[in-house]
Amino acid sequence: MLRNLLALRQIAGRTISTASRRQFENKVAEKQKLFQEDNGIPVHLKGGIADALLYRATMVLTVGGTMYALYQLAMASFPKKQD
Amino acid sequence: MAHQMHAYHMINPSPWPLTGALSALLLTSGLVMWFHFNSTTLLIIGLTTSLLTMYQWWRDVVRESTFQGHHTVVVQKGLRYGMILFITSEVFFFLGFFWAFYHSSLAPTPELGGCWPPTGISPLDPLEVPLLNTSILLASGVSITWAHHSLMEGNRKHMLQALFITIALGVYFTLLQASEYFNAPFTISDGIYGSTFFMATGFHGLHVIIGSSFLIICFLRQLKFHFTSNHHFGFEAAAWYWHFVDVVWLLLYVSIYWWGS
């Protein structure tokens, strides 16, 4: 049983280290290549399609929210008279 | 491809200052809507957009520095000045709350019973949880220094361990302080004692949370190999901020918890 336990330990060790090795490898060089590509794209969009989606979502929320705030301001400025 | 003939950083046009300013408008008008019209929609939109702005703005700073190499020695010097000036402005922010505390506690009015703590207030025992909190933050100052030295010596494993300990201590402080708040025998509306206590310690707690978040980002960046042994200003800025938070606590402890009891 002890031999089985030792074998299991070796296998578990091997599986975990292979799976996590890619996670904690130094990928900075890849990122440097991506962000230094001479394509004229500004840094806030240079990472790919996810950047564009996040940018668009942020803009929609901020500009939309601003319009909503101005609307609420207009509503608050002219209180409805009580009958 | 055009190359610059100087060591400074000419940044790409960015939308984040605009979204940041607009989200500040949404946060403030959101507070008005919440306080006066019982609606949290604007406030929630404001919180969301300010988080989105912060995430993307600082993500871009990491891209410009670690991935594009724009943070030359000269640029880094400017960033150092910037962080020091920012922390100085925060010192003045806390100075105001300490002024308010000393103004009221050095010459307590007859309405308070002419004494400090005021009549009817039972202050927290400075030798219990507040003292533990003091030792936690002092220890975190030691662990963050260990993390820095490990980073400078190229010891990746020790840096991660020490930074993790620092963050854990920060979280522990926050949890303890939250339980103190929950169990305190006085509230923010208990006269000037309650006001000065909770405004000063409350803003300090917020800064502990901000500092811990900054350290967590540094932890993630260290995992991803962003820092080198001689270029890691993001970590240094976080460490300076953390030491500032520690010093403010020491002043709070001595003034409000100890002398003020």
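A nonpolar core is here a set of buried Ala, Val, Leu, Ile, Met, Phe, Trp, Tyr and Cys residues joined through side-chain atoms within 4.5 Å. Buried means under 20% relative accessible area, exposed over 50%, and partly exposed in between (1.4 Å probe, protein chains only).

## Basis of the values

The model is predicted: local features need pLDDT of at least 70, side-chain atom pairs count only at pLDDT 80 or more, and totals for chains, interfaces and linings use all residues. Residues are numbered from 1 along each chain as its sequence is written, chains are lettered from A and ligands numbered from 1 in the order in which they are written, and side-chain values use heavy atoms, with hydrogens and water left out.

## Nonpolar cores

The largest nonpolar core has 50 residues, and within it Leu163(B) and Phe235(B) touch the most other members. Two or more residues each come from α3 (73–106), α4 (129–152), α5 (156–183), α6 (191–223) and α7 (233–259) of chain B. Helices (H or I, at least four residues) and strands (E, at least two) are DSSP runs numbered from the N terminus. The largest share of the core, 15 residues, is supplied by α7(B).

Contact means heavy atoms within 4.5 Å. Leaving out residues up to four places away in sequence, Phe235(B) touches Ile144(B), Ala147(B), His148(B), Leu151(B), Met159(B), Leu163(B), Cys218(B) and Phe227(B). A second, separate core has five residues, among them Ala69(A), Leu26(B), Leu42(B) and Ile45(B).

## Domains of chain B

Chain B is divided into domain 1 (12–70) and domain 2 (72–257); such bounds come from an automatic or database domain assignment. The C-alpha centres of domain 1 of chain B and domain 2 of chain B lie 24 Å apart. Five residues from domain 1 of chain B and four residues from domain 2 of chain B take part in the contact.

The size of an interface is often given as the accessible area lost when the parts come together. Buried area is the accessible area (1.4 Å probe) that two parts lose on being put together, summed over both. For domain 1 of chain B and domain 2 of chain B this is about 340 Å², with 54% of it on carbon and sulfur atoms. On the side of domain 1 of chain B, Val62(B), Thr66(B) and His70(B) lose the most area to domain 2 of chain B, together 80% of what that side buries.

Between domain 1 of chain B and domain 2 of chain B the count is zero salt bridges, a salt bridge being a side-chain nitrogen of Lys or Arg within 4 Å of a carboxyl oxygen of Asp or Glu. Two residue pairs are in polar contact across this interface (both at pLDDT 80 or more). A polar contact is a pair of N or O atoms within 3.5 Å; within protein, one must be able to donate a hydrogen and the other to accept it, and residues adjacent in sequence count only if both atoms are side-chain atoms.

## The loop residue Ser39(B)

Ser39(B) is found in the loop between α1 (16–37) and α2 (41–67) of chain B. Its relative accessibility is 16%, so Ser39(B) counts as buried. Not counting residues up to four places away in sequence, Ser39(B) touches Gly30(B), Met33(B) and Trp34(B).

## Interface of chains A and B

In the contact between the chains, 27 residues of chain A meet 36 residues of chain B. Chain A and chain B bury about 2,700 Å² between them, 73% of it on carbon and sulfur atoms. The count between the two chains is two salt bridges, and nine residue pairs are in polar contact (both at pLDDT 80 or more). On the side of chain A that touches chain B, α2 (28–35) and α3 of chain A each supply at least two residues. The largest share of that side, 13 residues, comes from α3(A).

## Salt-bridge network

Over all chains the count comes to five salt bridges. Arg59(B) forms one with Asp51(A), the closest N and O atoms being 3.2 Å apart. Arg59(B) lies in helix α2 of chain B and Asp51(A) in helix α3 (residues 49–77) of chain A, so the pair joins two chains. Arg59(B) is buried at a relative accessible area of 12%, and Asp51(A) is buried at 5% relative accessibility.

Arg63(B) also meets Asp51(A) in a salt bridge (2.7 Å, N to O). This pair crosses between chains, from helix α2 of chain B to helix α3 of chain A, and Arg63(B) is buried, as is Asp51(A). Within chain B, Asp60(B) forms a salt bridge with Arg59(B), with the closest N and O atoms 2.9 Å apart; both Asp60(B) and Arg59(B) are buried. Through shared partners, salt bridges join Asp51(A), Arg59(B), Asp60(B) and Arg63(B) into one network.
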